[in-house]
Amino acid sequence: MRLREVIHVLCFTLFGSISLIAQSDQVNNDAVYQLHIQRATEPIITDGDITEASWLVAEKADSFWQQQPLDGIPASRQTEVFVTYDDEHLHIAAICYDQAPYTIETLKRDVFDTSDEFAVLLDPNGQKANGFAFGVNVMNAQTEVLISAPSNSDGSWDNRWTSAVKRMDDRWTVEMAIPFKTLRFKDVNTRWGIQFIRTDPGTNERHVWAPVPRQFVWIDLGYYGSLIWDAAPGKQGNNISLIPYAKVSASKLYNPAQESEYDFDFGGDAKIALSTSLNLDLTTNPDFSQVEVDEQVTNLTRFGIFFPERRQFFIENGDVFNSLGTNFGAEQPFYSRRIGLDDSGSAVPIIYGVRLTGNLNPQLRIGAFNI
């Protein structure tokens, strides 16, 4: 065998071994980092005071690791996390030890990783395909995002949950109450994927409970630990959201012979949970006037701008449609923002829309719509 061929074989063997080691470490997190959750013994008040008896008996997640700027070494500041639940909510409490004054860059919603912050990341179906993240900074500014494999996030998703923060000289504490109806999960699943994140600008560090190599994004679904339930949360009853609207407008050309023209319009959206993991979105004559506007950008290329989707009808489980081969740029095979616009960018009225997305079983996710 010639020298060049020997070198190729050795390189292939070396990189293959490194890849296998990385994959082995990644798969092993959910077996090594496990947190057991028990039902709360009394009502939990979300006020930032971790004083209820259920927190005292809850299993504690600590011994966090650095993820940035270095990985594989213990976090320089201590974080303790507890979890419990009741009939309607998943409750998370965290104690973040630090010294005041704290770093607060912004109080704007859905801006994470810039201040003293804590977040919980959830993979309720344990498939490492999609999940949810809920975070707060030290002033209780909230962030919630959808996560899709391997490490894509969508901050346009909005839902209702509650949190409270209490600040002290040597630590700050946070309590979260996340409604089960906000999540999508199989009601018989007793093992969820879970990860805890803490950002600490004072030390320029990011800490994780289950280790994540620094070359990977910290939300990577492949590195979550396991949340082991004493009993599956079960079905949550009817979960239906209705968002109707009505609109009256008047216009007039300032011409003596021209009278005012009046217009009335109505429509709405509906979100129906067919099961705890399967969702049906409906819309008729939708009005997107309350959708957040796009950031102004300058396009110096010959390609169109691919703005993120912000319309709630298209957001949940959007990765089923958008992550086909690639999810960005001119090579993107499906781009939902083209729906409702013509080639010149003018609005095209949408008469109705039906969209079915979610998990049918642990091996199959589905996405179908007609609009």
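The model is predicted, and local features need pLDDT of at least 70, side-chain atom pairs count only at pLDDT 80 or more, and totals for chains, interfaces and linings use all residues. Residues are numbered from 1 along each chain as its sequence is written, and side-chain values use heavy atoms, with hydrogens and water left out.

## Overall make-up

The protein chain has 4 helices and 19 strands; helices (H or I, at least four residues) and strands (E, at least two) are DSSP runs, numbered from the N terminus. Of its 371 residues, 41% count as buried, where buried means under 20% relative accessible area, exposed over 50%, and partly exposed in between (1.4 Å probe, protein chains only). A contact requires heavy atoms within 4.5 Å. Among contacts between residues at least 6 apart in sequence, 64% join residues at least 24 apart.

Strand β12 spans residues 191–200 and is mostly covered, with 9 of its 10 residues buried. Two strands pair if DSSP finds at least two bridges between them. The pairings of β12 are set out below.

| Partner of β12 | Sense | Bridges |
|---|---|---|
| β6 (residues 117–123) | antiparallel | 7 bridges |
| β14 (residues 225–229) | antiparallel | 4 bridges |
| β13 | antiparallel | 4 bridges |

Individual residues mark these pairings. Aspartate 200 stands opposite glutamate 205 in β13. The hairpin of β12 and β13 has 4 residues between the strands, and asparagine 204 there takes a positive phi near 55 degrees.

Valine 208 belongs to β13, which covers residues 205–208. Valine 208 has a relative accessible area of 0% and is therefore buried. Beyond its neighbours within four places in sequence, valine 208 is in contact with Phe64, Trp65, Gln67, Gln195, Phe196 and Ile197. Valine 208 and threonine 79 lie 129 residues apart in sequence, and their C-alpha atoms are 9.6 Å apart in space.

## Two further buried residues

Glutamate 80 is part of strand β4 (residues 79–85). Its relative accessibility is 10%, so glutamate 80 counts as buried. A polar contact is a pair of N or O atoms within 3.5 Å; within protein, one must be able to donate a hydrogen and the other to accept it, and residues adjacent in sequence count only if both atoms are side-chain atoms. The side chain of glutamate 80 makes such a contact with the side chain of glutamine 78, at 2.8 Å. Not counting residues up to four places away in sequence, glutamate 80 touches Lys60, Ala61, Asp62, Ala93, Ala94, Ile95 and Tyr97.

Serine 156 is located in the loop between β9 (152–154) and β10 (162–167). Serine 156 is buried because its relative accessible area is 12%. Its side chain reaches the backbone oxygen of glutamate 309 at 3.3 Å. Apart from neighbours within four places in sequence, serine 156 is in contact with Glu309, Arg310, Gln312 and Ile315.

## Backbone features in loops

The bond from glutamine 68 to proline 69 has omega near 0 degrees, and proline 69 lies in the loop between β3 (65–68) and β4. The cis bond joining alanine 100 and proline 101 has an omega of about 5 degrees, and proline 101 is placed in the loop between β5 (89–97) and β6.

Positive phi values also occur in residues that are not glycine. Lysine 128 has phi near 60 degrees and lies in the loop between β6 and β7 (130–137). At 28% relative accessibility, lysine 128 is partly exposed. Asparagine 285 has a positive phi of about 45 degrees and is found in the loop between β17 (278–284) and α3 (312–315). Its relative accessibility of 23% makes asparagine 285 partly exposed.

## The cavity

The structure holds 1 cavity of 30 Å³ or more. On a 1 Å grid over the protein atoms alone, a cavity is a set of points where a 1.4 Å probe fits but cannot get out, and lining residues have an atom within 4 Å of a point. Grid points are joined across faces, edges and corners, and a volume is the space filled by probe spheres set on the points. The largest cavity contains about 50 Å³ of space, and its lining consists of Phe314, Gly318, Phe321, Asn322, Phe334, Ser336, Arg355 and Phe369.

Notes. 1 Å grid on protein atoms, 1.4 Å probe; cavity = no way out; pocket = protein on both sides within 12 Å on 5 of 7 lines; lining within 4 Å.
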